[in-house]
Amino acid sequence: MDTLVPIEDRGGPAQPLLLATGLRKHFPVAGGLLGRTTKVVRAVDDLTLSVAKGETLGVVGESGCGKSTVARLLIRLIKPDKGTMVLDGDPVDEPHGITVNELRRQVQMVFQDSYASLNPRLTIAETLAFAPRAHGLPAAEARERVRDLLSKVGLDPANYATRYPHELSGGQRQRVNIARALALRPRLIILDEAVSALDKSVEAQVLNMLVDLKTELDLTYVFISHDLNVVQYLSDRVLVMYLGKIVELGPVEAIYGNPQHPYTRALLSARPSMDPRKRTREAPIQGDPPNPIDPPSGCRFRTRCPFAEEVCARTEPLLADTGHQAVACHMRVAGSGHSKAMAA
Amino acid sequence: MTNMLQVRDLHVTFVTPDRTVHAVNGVSFDLARGETLGILGESGSGKSVTLRSILRLHPEHRTRWSGSIKLEGDEVLEMGPKALSDLRGQRVSMIFQEPATAFDPVFTIGQQIAETVRRHTGKSETEAMKRAKDLLEMVRIPSPAQRLKAYPHEMSGGMRQRAMIALALSCNPTLLLADEPTTALDATVQIQVLLLVRELQREFNLGVIFVTHDIGVAVEVSDRIGVMYAGKLVEMAPVERMVDAPQHPYSRGLLASTVHDGMRGQRLESIPGAPPDLAEVPSGCSFAPRCKFVRPDCTAAIPSLRDVEAAHAVRCVLAA
Ligand SMILES: Nc1ncnc2c1ncn2[C@@H]1O[C@H](COP(=O)(O)OP(=O)(O)OP(=O)(O)O)[C@@H](O)[C@H]1O
Ligand SMILES: Nc1ncnc2c1ncn2[C@@H]1O[C@H](COP(=O)(O)OP(=O)(O)O)[C@@H](O)[C@H]1O
Ligand code: SF4
Ligand code: SF4
Ligand SMILES: [Mg+2]
Ligand SMILES: [Mg+2]
């Protein structure tokens, strides 16, 4: 198999590129005074998502809500405790499906820390040639590939190929990381806070580049960020996470224009105002997100939710379709027992 | 309003065996009592160095400085040890991005605040602890009496940030220096802390200098905004003016490249290139290599900071 030819689409446009069902990841952590009791961080709990071909799926939420864990699960940097994944019709890591290695060729990832992700002892050309060479591309063709990749991310090969990571700015290093993610011609790129460490003027350069590359190379993105404005700018659909759970999922217009979940609303109105005449008067919610080691029973948001009622502590609200978007809140489920819900 | 702080032509250079960094290259500004000045700029532009200069927090042996920093008439750059200690302990307080730098992990929050109160007021232990409790209440920490007994690591990020603000206000300063105090916080917590800073500023009529790289944050808290680039203020204006009509090509680029509501589908305006290396003293406009309006006189000499109208100054040859 020649692994470096772009991969053909298989199931057609309607088949999700990636479908993850019931993903769960709990991390054991030492607890108690002597570190002897074992507790678990419920980083991701029974999460189901699909990524459509050609879309950008944005993932937002506060730190520790499980965004990076989702990213690492999707490329199998970590193994889920539970759950299955299907890539364009092929089950991942199952007898009749594709291997994890094949998944990682088709799905690539870019991290926030542009420096830590690059080997300081390799030149940029060596870094970029590494994976194609390992997949059997001859040296001359690999050199050609490197030149092509550098040009694609807007770095002049003559000027940058022989530099080392420390000789680049943060924005340039992040371009190299994106080039490296493109080296094996993947179909899906997971960008985990990929522009978050960049200064605004440089962030804009990289965002423009991501938009161009997506069209040019027919890519699909999962774009993870805590910056709601950037997610709104780039995404077609948005997934909102709170303490390891999806609380709302839908088209970007619906999530930003008509958010349904109290947490999504709070998150959106916590954005600083860009207009000095319309400053924020009141914080939308109080307190910090609770610890994911012992998440609240029922709805995990209930300890900060202004609408919490008894049913919220008792039963976990499931993600339910409301027409435009899916929401996990008892107020949106007829007959849930919440006073603001319609009768069943 | 009278100016409590006057900074004039401040230069700060760090000299180490392997390199020289011209971090601040001629910064001048005034701050009035009860006013909040936001300092906005990208990483490495000299925001923190400017702020730390006001407390003389740089390593003395490898920092060269010139210019003048006058706090209520007293020259900070010429202060002796006693005056410096009063400056840091009573007149000016600072809050940081990382509260871990403000607290010692082995003492409770209460012990640390009370100790600071005692050192500066000579109050008894019981009185100081009472004051610590009042301070926690003032920064809206729930169940303050209990929280006094908490160790820093037992508090959430937002709570620690509030406790740090309480510590900073424990000796009744008149000037509060804030270096990105909300940058590491989650969105829903950041806004709570910004509102708290704004309220306390009003309540105590503090002068505040608030450093941030986030325009939204600067807009929420500032009366005036100064934009820094490569160790210089390139523009200074009242907040409305800065948002509505920025004049310097860098400020304009920065505002235009910041993604916000309603930009979906549009191509973002970006500034090409990256900020300059600070190893050399600039001889012209530092922004020239990235500026689309550059012309010969931009690099011939350093453009001066000129008033384009009352309270609005711009450092660019095009400004009129
Ligand atoms: N003690 C020091 N010794 C040597 N160089 C220093 C020292 N402190 C700061 N610098 C340098 O001075 C320049 C300005 O730094 P400063 O910390 O003020 O930037 P900043 O605007 O606060 O950036 P950021 O947004 O990243 O915090 C940088 O090039 C920095 O590396
Ligand atoms: N290897 C690990 N061991 C223990 N806990 C972890 C590990 N990785 C992540 N976590 C925890 O899982 C939760 C989710 O983390 P993460 O996915 O990194 O969040 P986010 O990316 O949304 O900030 C956090 O509480 C984090 O501390
Ligand atoms: S389920 Fe209850 S607590 Fe959770 S968001 Fe809805 S109303 Fe609030
Ligand atoms: S002085 Fe010249 S180079 Fe500098 S910002 Fe103005 S026009 Fe641009
Ligand atoms: Mg993360
Ligand atoms: Mg700084």
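Where is the place of B:Asp9 in chain B? B:Asp9 sits in strand 1 (residues 3-16) of chain B; helices (H or I, at least four residues) and strands (E, at least two) are DSSP runs, numbered from the N terminus. The model is predicted, so local features need pLDDT of at least 70 and side-chain atom pairs count only at pLDDT 80 or more, while totals for chains, interfaces and linings use all residues. Residues are numbered from 1 along each chain as its sequence is written, chains are lettered from A and ligands numbered from 1 in the order in which they are written, and side-chain values use heavy atoms, with hydrogens and water left out.

B:Asp9 has a positive phi, near 45 degrees, and is not a glycine. Most residues other than glycine have a negative phi. With a relative accessible area of 44%, B:Asp9 is partly exposed; buried means under 20%, exposed over 50%, and partly exposed in between (1.4 Å probe, protein chains only). In chain A, A:Asp88 also has a positive phi, of about 40 degrees. A:Asp88 lies in the loop between strand 4 (82-87) and strand 5 (90-91), and its relative accessibility of 2% makes it count as buried.

Helix 7 of chain A (residues 200-217) has 18 residues, which at 1.5 Å a residue should span 26 Å; the expected span is 1.5 Å times one less than the number of residues. The end C-alpha atoms are 25 Å apart, which agrees. Because 13 of the 18 residues are buried, helix 7 is largely enclosed by the rest of the structure. After the helix comes A:Asp218, with a positive phi near 60 degrees.

The two chains meet through 47 residues of chain B and 45 residues of chain A, contact meaning heavy atoms within 4.5 Å. About 3600 Å² is buried between them, 52% of it from carbon and sulfur atoms; buried area is the accessible area (1.4 Å probe) that two parts lose on being put together, summed over both. On the side of chain B, the residues that lose the most area to chain A are B:Thr188, B:Val259 and B:Arg264, together 18% of what that side buries.

Chain B also holds B:Ser85, in helix 2. At 45% relative accessibility, B:Ser85 counts as partly exposed. Its C-alpha atom is separated by 34 Å from that of B:Leu305, 220 residues apart along the chain.
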